[in-house]
Amino acid sequence: MDTARLSRFVSGLWDEEIVPRLVEYIRIPNKSPMFDKDWKAHGHMDAAVKLMSDWAQSKLAALPGATLEVVQLEGRTPLIYIEVPATGASNDTAVLYGHLDKQPEMTGWAEGLGPWTPVLKGDKLYGRGGADDGYAIFGSLAALLALREQGVPHARCVILIEACEESGSYDLPYYVDHLAARIGNPSLVVCLDSGCGNYEQLWLTTSLRGMTGGNLTVQVLEEGVHSGDASGVVPSSFRILREILSRLEDPETGTIKPKELYVEIPAQRVEQAKHAATVLGSDIYSKFPWAEGMQPVTHELPELVLNRTWRPQLAVTGIGGIPPLDSAGNVLRPFTAVKLSLRVPPTLDAKKAGQLLKQLLEKDPPYGAKVSFDLEKDGSGWNAPALSPWLAQAVDEASMNQFGAPATYMGEGGSIPFMGMLGEKFPQAQFLITGVLGPHSNAHGPNEFLHIPTGKKVSAVVAEVVAKHYAQGAKD
């Protein structure tokens, strides 16, 4: 394969077709079902599916025998299913995965930017969903089209683009079961929904944390009352909630207290964390938009890597029952509610973690307060199987060809439930999990952007690895 020609082809396709389509995709407010209960009636998800599937269909003529179907099970979000036949003598299958649903708007976007306002600034495309994970279908097809342009053979490829990932992929198991006979038994899984430590080399995700979470509510009154009359008599719902949360999290250090929420970290992952810390240095924490004077929880860099990849951590992501500052009267409020997101280690059972969380938070309520924790989601994490020698070599060569630097391995703190599901169903498969979410790209937050040069390079890496996958199958 001519890797320089590969890069030129992919870059041209991105500039001429993919970036303009991503601009239109960002305009569509197709929030994941958890954040838009009336997603079907609003039609935004269908609009995003149509935009992507129309473009993909227009490219399938260059991939003889390829087919596309929008699969829609009753009452579930849609899924784009693309099947591209092998171009040589191969019985292997590669699955390429992504998602098209988005996180909600979030506040704090810089002037001129917004979640549904695509803005190109230099090599960055701002707006919600371009990097997480709208580019996946375009990058996957770009890789296959680049191979076909040079006549480089590949195994049978199945592209799956779901519309429920940001809600925990609760629809995906039904589609995997529904399509099981068509998907087959993949020996390679490619996922483009992960992060990268920097934009200078390829980053392979070795693990993903699981998560559980929901809404914790503490109620003390049926209605609000004058704080001068009630304070000192009626316990504050906020204080009780704070006390209950301290059962889970040390308020001084942020350390999660229950030992049942920890696992033994594999020695290889500890060593990879040390290497990643050496490569990244202070970029591990300096990439975040810190308030002036703020410091990370520790300056031990390998510990920061392990904190965000293998240790449980709590985030309070929403709050209810508290009025805005400009309309907050002198009232002792009847309740306080918070939305909790608990990240758990990759190999911990997230369902059991959720049950433990509910029991821990609801038991023995102080003062007899009405305490309820409503679980919204749980998804176990994933720890990658050992890389086969062919894939390790292919990844390093592709990283050198496209980035000019060797690949680096690191876990990610986020969750991709599909990986754990496929890992269970296809224990012999090899996994290439990577992505474009690097420093300051701020997925889920304000000012999210897609770093276009990295998108191009990742697409070319996928092409190289898929070609090596075919070659390895031919040897076997």
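Met106 sits in the loop between β3 (93–99) and β4 (119–121). Helices and strands here are DSSP runs, numbered from the N terminus: H or I over at least four residues for helices, E over at least two for strands. Met106 is not a glycine, yet its phi is positive, about 70°. The model is predicted, so local features need pLDDT of at least 70, side-chain atom pairs count only at pLDDT 80 or more, and totals for chains, interfaces and linings use all residues. Residues are numbered from 1 along each chain as its sequence is written, and side-chain values use heavy atoms, with hydrogens and water left out.

His444 is another non-glycine residue with a positive phi, about 80°. Its place is the loop between β17 (430–437) and β18 (449–451). His444 is partly exposed, with a relative accessible area of 32%. The classes are buried under 20% relative accessible area, exposed over 50%, and partly exposed in between, with a 1.4 Å probe and protein chains only.

Now the peptide bonds. Asp132 and Asp133 are joined by a cis peptide bond, with omega about 10°. Asp133 belongs to helix α4.

What does helix α4 give to the largest nonpolar core? First, the core itself: it has 72 residues, and Ile82 and Leu100 have the most contacts inside it. A nonpolar core is a set of buried Ala, Val, Leu, Ile, Met, Phe, Trp, Tyr and Cys residues joined through side-chain atoms within 4.5 Å. Helix α4 (residues 130–150) gives the most to this core, with 12 residues. Apart from this core lies another, of 26 residues, among them Leu172, Leu208, Leu422 and Phe431.

Look at Leu100 next. Contact means heavy atoms within 4.5 Å.

Pro258 lies in the loop between α8 (237–248) and α9 (267–280). Is Pro258 buried or exposed? Pro258 is buried, with a relative accessible area of 10%. Pro258 touches Arg247, Leu248, Leu356 and Leu360, again leaving out residues up to four places away in sequence. Ala230 is 28 residues from Pro258 along the chain, and their C-alpha atoms are separated by 35 Å.

Helix α13 (residues 389–403) has 15 residues, which at 1.5 Å a residue should span 21 Å; its end C-alpha atoms are 21 Å apart, which agrees. The expected span is 1.5 Å times one less than the number of residues. The buried residues of α13 include Trp390, Leu391, Ala394, Val395 and Phe403. Just after α13, Gly404 takes a positive phi of about 75°.

Last, the whole protein. Its secondary structure comes to 15 helices and 18 strands. The radius of gyration is 23 Å, close to the 23 Å that the globule rule gives for 476 residues, so the protein is as compact as a globular protein of that length. The radius is taken over C-alpha atoms, and the rule is 2.2 Å times the number of residues to the power 0.38. Of the 476 residues, 54% count as buried.
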